[in-house]
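This report describes one protein chain, going from the whole chain down to single residues. Look over the sequence and the structure before reading on.

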Amino acid sequence: MDQRNQRYNVWNAAVQAIFLNIVNTYVAVFAVRLGADDLQLGYLNSWPQVASVVAVLFLASAIAQSPHKQAWIAVIQLVSRSAALGAAAVPWFPVAWRVWALILFWVLIVAPNSVGNTAQQSFLADIFPVEERGKVFAARNAWATGAGMITVLLAGWALDHLFSYPQGYQILFFLSFLSGLVEIWLFLRMREPDNWTAAQGGPEPPAATPSRPETGWRTHVAVFRHRPFLAFVCCSIPFHFTWQMAGPIFTRYQVTDLGMNNTWISLVTLANSLSAVIAYPFLARKAQRVGNLRMLAISSMILAMAPVLTALAPSPFWVMVVNLFFGIGVAGVNLFVLNTLLDVSPREGRPVYLSVHAALVCLSAAIAPVVGAHLMAAVTARNALILSSVARFSTSMGFYLLAHRGRLGHRRVHAAA
């Protein structure tokens with residue numbers, strides 16, 4: 001394995017986590033502080049995904065097949081990171097516009113980030129050999145989780161003890177923009193596979209791509225003829241829907257019902273991240289023996305318990321305690337969804353397979369939070385969490401049934417990867 005790329009890969013992951021953990025952790029809390037209602041919280045989760053669907057479907061695969069993919073990924077990520085400056089300026093907008101302005105800038109953060117991440121996954125899959133891929137992504141996720149853990153702890157404490165409202169949020173969004181610049185610089189330090197030779201110990205470079213890659217709708221529809229991919233999508237998208245549905249419900253329950261401040265939000269995220277960091281190496285080793293799909297089934301079932309146990313937690317302290325357990329599920333789902341997706345996607349045309357799955361996840365994320373918001377309005381946040389667990393568990397059974405039937409097999413048998 002190329003040590004230079006491995007080194008910059010984990011550093012890039014760590015700095016990327018600083019940006020993402022600042023904006024992802026506090027944008028919803030910021031929206032609540034700005035006066036967002038339940039439906040606006042749903043829009044905050046869903047509208048960015050609406051924009052992401054088309055962007056990912058048609059841009060991510062084209063970028064991933066471009067001979068200059070690394071440069072294009074960097075440009076797309078720069079657009080996303082720059083939008084954080086707009087989010088920092090939201091308190092200077094007229095009161096009636098502030099929540100809507102935050103939603104708009106959040107769209108500009110999320111949609112380009114979705115494109116960049118999807119293309120980056122294809123880029124990383126090309127530069128690291130298949131036999132090392134599990135370890136590479138486990139290490140990347142572990143570094144990202146560790147950096148994010150420290151970030152949210154410090155950021156939450158600073159918001160509650162160092163800075164006044166809204167200046168604290170403005171400072172954090174500005175710092176996230178600076179971290180984004182460092183992240184992009186580290187990404188550009190990685191070597192593209194076309195620049196390698198066999199003597200340098202890297203994987204063989206991919207076949208030359210045409211100057212005008214085919215990315216029309218027929219190409220995207222054709223991926224569903226590949227049965228392993230279709231079977232995985234039929235399980236993955238329903239589970240993602242039930243996962244995403246609980247986003248605004250968690251936010252409302254924790255901030256409004258339990259009265260959690262920024263520090264408590266940080267501690268809950270810290271607990272989740274701490275168990276994830278510890279779990280990543282174990283999960284990667286276990287997957288080598290039993291396969292990515294079986295580990296995904298187990299991880300999704302762990303994650304299915306998160307909403308109901310949160311609803312039963314009587315205080316912020318117990319929410320933090322139960323998140324020590326949930327972090328294992330989050331780590332597993334994040335790791336094994338990607339690894340299984342790579343398993344079922346042939347190398348030829350892999351960027352299209354990745355972009356189609358990402359677009360479907362974005363489409364799910366555009367609808368699911370609004371469904372969650374309406375469910376919360378109908379039955380209260382606490383009861384909505386309980387129903388979310390039931391929905392998650394039912395969809396997680398799809399992974400179990402797919403693994404039990406052996407339709408995807410063990411990760412190592414897929415020569416196409």
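## The chain as a whole

A residue counts as buried when its relative accessible area is under 20%. By that cut-off, 59% of the 417 residues of the chain are buried. The model is a predicted one. Its secondary structure consists of 15 helices and zero strands.

The chain exposes about 17300 Å², and carbon and sulfur atoms supply 66% of this area. Among contacts with a separation of 6 or more, 88% are between residues 24 or more positions apart.

In soluble globular proteins, nonpolar side chains tend to be buried together. The largest nonpolar core in this chain has 62 residues. Within this core, Phe229, Leu296 and Phe399 touch the most other members. Helix α13, residues 316-344, gives the most to the core, with 10 residues. Another core, of 53 residues, lies apart from this one; Leu41, Val152, Ala246 and Met320 are among its members.

Which residues does Phe399 contact, leaving aside its neighbours within four places in sequence? They are Phe232, Cys235, Ser236, Phe239, Leu293, Leu296, Ala297 and Ser300.

## Helices α8 and α9

Two packed helices are described by the angle between their axes and the distance between the axes. For helix α8 (residues 227-245) and helix α9 (residues 247-257), the angle is about 20° and the axes are 5 Å apart. Angles under 35 degrees count as roughly parallel, so α8 and α9 are roughly parallel to each other. Where they meet, α8 supplies Trp243, Gln244 and Met245, while α9 supplies Gly247, Pro248 and Ile249. The residues of this contact divide into four nonpolar, two polar and no charged.

Is α9 mostly covered or mostly uncovered? Helix α9 is mostly covered, with eight of its 11 residues buried. The buried residues are Pro248, Ile249, Phe250, Thr251, Arg252, Tyr253, Gln254 and Val255. Just after α9 comes Gly259, which takes a positive phi of about 65°.

## Gln40 in helix α2

Gln40 is found in helix α2, which covers residues 38-65. Is Gln40 buried or exposed? The relative accessible area of Gln40 is 10%, and the cut-off for buried is under 20%, so Gln40 is buried. Not counting residues up to four places away in sequence, Gln40 touches Gly35, Val99, Trp100 and Ile103.

Terms used
Residues are numbered from 1 along each chain as its sequence is written. This is a predicted model: local features need pLDDT of at least 70, side-chain atom pairs count only at pLDDT 80 or more; totals for chains, interfaces and linings use all residues. Side-chain values use heavy atoms; hydrogens and water are left out. Helices (H or I, at least four residues) and strands (E, at least two) are DSSP runs, numbered from the N terminus. Buried means under 20% relative accessible area, exposed over 50%, partly exposed in between (1.4 Å probe, protein chains only). Contact means heavy atoms within 4.5 Å. Accessible areas come from the Shrake-Rupley method with a 1.4 Å probe; for residues, only the protein chains shown count as cover. A nonpolar core is a set of buried Ala, Val, Leu, Ile, Met, Phe, Trp, Tyr and Cys residues joined through side-chain atoms within 4.5 Å. Axes are lines fitted to C-alpha atoms, for helices over the stretch in contact, and angles run from 0 to 180 degrees between N-to-C directions. Angles under 35 degrees count as roughly parallel, over 145 as roughly antiparallel, 65 to 115 as roughly perpendicular and the rest as oblique. Ala, Val, Leu, Ile, Met, Phe, Trp, Tyr, Cys and Pro count as nonpolar, Asp, Glu, Lys and Arg as charged, and the others, Gly among them, as polar.
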